[in-house]
Amino acid sequence: MARRRARWLKRQREEEERRKDRDLLKTVEEVFDSFTMGHIYRLESKGVIWELKGVVSAGKEARVYWAKSKNGDDLAVKIYLSATAEFRKSIKKYIIGDPRFENIPSGNFRRLIYEWTRKEYRNLKRLHESGVRVPRPVAYSGNVLVMEFLGENGYRAPLLVEEADNLDEQFMEEILTDLAVQIERIVCKAKLVHADLSEYNIMLWMEKPWIIDVAQAVHHDHPYALEFLERDVGNIVDFFSSYIDGDPADLMAKAIGVQDYLGHLKACLGVEGQDFS
Ligand SMILES: Nc1ncnc2c1ncn2[C@@H]1O[C@H](COP(=O)(O)OP(=O)(O)O)[C@@H](O)[C@H]1O
Ligand SMILES: [Mg+2]
């Protein structure tokens with residue numbers, strides 16, 4: 001009797017898994033090629049992804065899905081769409097001098113996008129290990145990157161740009177103070193420059209800013225590292241200047257105990273020997 005019941009349970013489980021696979025296919029088959037499907041299945045069979053749920057964001061180059069892990073945790077699955085010539089052009093500035101990319105023949109879009117996905121995973125890992133508040137990286141395969149989901153019940157947390165108008169000045173100051181610390185860790189600890197930092201790549205979750213979208217982040221020795229750093233900090237200063245009284249750069253300096261915020265970061269980058277702290 002017990003054995004029969006065990007068999008029945010096993011069949012139920014198998015049927016359940018098949019149903020899940022069919023659902024998964026239904027969600028994605030129209031959108032993804034067989035290579036992408038292969039990578040999704042690979043992550044499924046490794047036990048990383050249990051169920052792929054709805055689309056969270058459909059960008060030009062990548063789609064982000066809400067997914068569930070085997071033990072019910074929420075996951076974000078970022079899938080890079082097939083790399084077009086336009087994609088290659090747009091990332092050119094970030095990959096110059098990078099041997100991982102230079103050896104990829106110009107027609108090999110798939111390898112390019114796999115390398116780009118791996119770069120985002122590695123950057124996330126490095127940032128996470130340096131104590132920067134980023135989604136925890138979970139796994140990657142091919143053009144599919146799995147990370148911690150920021151949000152609840154499949155609803156993603158808002159971006160800073162979407163939420164700022166609803167927040168009072170004091171809270172915006174708190175967020176900026178926190179961001180100043182995060183950016184300092186990115187540059188001085190992880191030795192990276194985000195290179196696409198703005199109110200569009202910061203999410204607000206659990207009352208704190210989280211930094212996302214890090215595929216393009218570059219190492220200190222990248223030829224444009226200084227240019228990217230100035231642009232990143234400039235974007236943050238510009239955005240916050242319409243929400244808080246006074247110069248955001250002063251608040252950022254105060255947050256980490258230096259006189260010149262950008263000057264301090266540049267010193268970390270090793271481009272200007274001067275540090276006013
Ligand atoms: N870990 C995550 N949890 C929840 N939503 C996310 C997560 N990462 C990204 N998103 C959502 O997906 C959107 C696109 O992700 P992003 O990494 O910025 O890619 P891109 O801007 O290149 O399309 C974000 O603006 C955000 O709304
Ligand atoms: Mg983005």
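After α5 comes Gly131, with a positive phi near 80°.

A quick word on what's loaded: this is a predicted model, where local features need pLDDT of at least 70, side-chain atom pairs count only at pLDDT 80 or more, and totals for chains, interfaces and linings use all residues. Residues are numbered from 1 along each chain as its sequence is written, while chains are lettered from A and ligands numbered from 1 in the order written.

Next, click on ligand 1. Of the 19 residues around it (C-beta, placed from the backbone, within 6 Å), Ser57, Gly59, Ala76, Arg156 and Asp213 come nearest. β1 (51-58), β2 (62-68), β3 (74-80) and β5 (144-148) each give two or more residues to this shell. Colour by domain: ligand 1 lies between domain 1 (2-152) and domain 2 (157-269), because both give residues to the shell. Those bounds come from an automatic or database assignment.

Now move to α9, residues 248-256. Its buried residues (20 or more other C-beta atoms within 10 Å; exposed is 12 or fewer, partly exposed in between; C-beta atoms placed from the backbone) are Pro248, Leu251, Met252, Ala253 and Ala255. Also in α9 is Asp250, which counts as partly exposed because it has 13 C-beta neighbours inside 10 Å.

Methods: Helix = DSSP H or I, 4+ residues; strand = E, 2+ residues; numbered from the N terminus.
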